[in-house]
Amino acid sequence: MHQPANPPESAPEDASKPQPLGQRLIEAGVLTKRQLDLALRHQKREGGRLGEVLAELGIVRSNVISSYLAEETSTDFVEVRQFKPNKELRRLIPQPIARRYSALPLNVQEDVLTVALGDPFNVVATDMLEQITGMTIKVVTASKDDITLCLDRLYAEGDQIEESIDTIMEESAEKARSAAEAGKEQAVGGDEGIVELVHQLLSRAIEDGASDIHFNPEEKALALRVRIDGILQQDVMLPKKIQPPVIARLKIMAELNVAETRIPQDGRSGIRIGQREISLRVSTLPTVWGENVVLRVLDPSALDLGLKDMGFRPQLYEQLVEVIYKPNGVVLVTGPTGSGKSTTLYAILGELNKPEVSIFTLEDPVEYRLSMIRQTQINSKVGMTFNTGLRALLRQDPEIILVGETRDQETAELMIRAALTGHLVFTTLHTNDSAGCIPRLIDMGVEPYLLPSCLQGALAQRLARRICKNCKEEERDPEQVFRALGLEPPSDKPLKLFYGKGCDRCRGTGYKGRVGIHELMVFDERFYEPICNRAESSTYVELARERGFLTMFEDGIIKVLDGHTTVKEVLRVTRDH
């Protein structure tokens, strides 16, 4: 039989061919082989793309996957959440098409339309967009979740609140006249009109970034105020006549007793804005002018922030990562209400959250649901307190424990005991700074000699408003800014300051968004004797400074010089420090 003289060798592997997404994530240390196998089995059962499955299971954040998809397709990865939606581009792509393909139009230059796609591999989407727009499509990649958020903003209806109020009042007047002629009483406003008005009010506040929405009854009006970037701002004044149905609608949404107006009530509700489900925590309080209602906005998109996104200085970030990866001990996060403690703790848990790690939390209340983490709601009415929950939790084989707040001696002692028996415990305290946590724990009744063996670190933080990027300008006389506030200008860095002059995007405030200001005290053997001798807080600060410790004010000034915020804003949030 004839044999070929030189049998063909096997074809070499194409080095230019991109590796599968799963393999690339493994090599980058983002994914383990076991996690990939788990996701592939789930994909086989339920269908869908691997990236979507990984995000759905909470194994890898969607924006991380999107950045790798961008690499594979040689497109730019864009953080679209930072973009202000260009309403002029709505006419180019119909909303159903934009949502079907997760396609967000960003800008037009000549005949080229830049579009962010959640799936940059989708050539059908690109072809469809070219046919519809008649333009060349430049594709960039973005997280599908972020695109959905931006599409909600882009295709939101215009501001029709005043029109809705006028319509309700006109309809009420007409019905009142008809009722009077018939000799009957008539309630104010139709149900549909009130439902639509409340939805408009809540939607606009949430899209503007409100963390709390206040419905405040006054003598002659119902005032709506919104807390944006930590500052309470006046929004609209609603006619007193429509106060009862508006308050009733809010109570119905939260499944509260509409007929009961004499006692405070608490409940939960939700609102759908575009494709997003936003949770609301609702609280009512009787006042002399009617029931006051405050809604706390719980936006799940806040969980998309990773530890690297929290605004830590590089040196502080490295120290914090070293502290949170300790095998055991107590890590404290301190600060007043609204200083971002919960967001930081969720980001830390997100960093540590892996299938091979057992994580439990005790929270009051549980505001956000976290994948692969066992979360328990505190309910003191039935005896489920922090210390009761912690005792039970220690029998659940935990490795990492989050105690939402350490409020009393029993909880503090149980937390210390858990740390001494090999657990890593995270908790919050209400102290002004990181050094104050030691005297606070001792005042609670914890024996001083127990603390040096278990305390790993204390992170204190505040949230300062960030200068609006749209109206940001440079200060002409930066030295005068410091002197006007009674401060000495720093001499170790170039003095360049910025401010926001105010625009539509920031409601004329000059600020849009917030930046974290932090201080981290890392405890070591040098603290043992001062803690046992019940030293003053200043002693701990002096020891920490030997290892590069900076106070929140000093950290804030660094962020001022980096152009993130203003000196006045840093003073506002650190004046008690």
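**Exercise 1. Which element gives the most to the lining of the second largest pocket, and with how many residues?**

Solution. Residues are numbered from 1 along each chain as its sequence is written, and side-chain values use heavy atoms, with hydrogens and water left out.

Start with the space itself, which is about 440 Å³ in the second largest pocket. A pocket is an open set of points on a 1 Å grid over the protein atoms alone, with protein on both sides within 12 Å along at least five of seven lines, and lining residues have an atom within 4 Å of a point. Next, take the lining of 17 residues, of which Asp364, Gln377, Ile378, Asn379 and Ser380 lie nearest the centre of the second largest pocket. Finally, β7 (265-273) and α13 (386-393) each supply at least two residues of this lining, and β7 gives the most, with three residues.

**Exercise 2. Describe how helices α9 and α10 meet.**

Solution. Helices are DSSP runs (H or I, at least four residues), and strands are runs of E with at least two, numbered from the N terminus. The axes of α9 (residues 191-207) and α10 (residues 243-253) come within 10 Å and cross at roughly 75 degrees. Angles of 65 to 115 degrees count as roughly perpendicular, and α9 and α10 are therefore roughly perpendicular to each other. In contact (heavy atoms within 4.5 Å), Ile194, Val195, Leu197, Val198 and Leu202 in α9 meet Pro245, Val246, Arg249, Leu250 and Met253 in α10. By class, this contact of α9 with α10 has nine nonpolar, no polar and one charged residues.

**Exercise 3. Decide where the model calls for caution.**

Solution. Begin with the overall picture, in which the mean pLDDT of the protein is 86 and 93% of its residues reach 70 or more. Last, look at residues 1-16, over which pLDDT stays under 50 and for which the model has zero contacts beyond four places in sequence. Where pLDDT is low, the predicted coordinates should not be read in detail.

Note on methods
Predicted model: local features only at pLDDT ≥ 70, side-chain atom pairs only at ≥ 80, totals over all residues. pLDDT = per-residue confidence, 0-100. 1 Å grid on protein atoms, 1.4 Å probe; cavity = no way out; pocket = protein on both sides within 12 Å on 5 of 7 lines; lining within 4 Å. Points joined across faces, edges and corners; volume = space filled by probe spheres on them. Axes fitted to C-alpha atoms, helices over the stretch in contact; angles between N-to-C directions. Parallel < 35°, antiparallel > 145°, perpendicular 65-115°, else oblique. Nonpolar A, V, L, I, M, F, W, Y, C, P; charged D, E, K, R; others polar.
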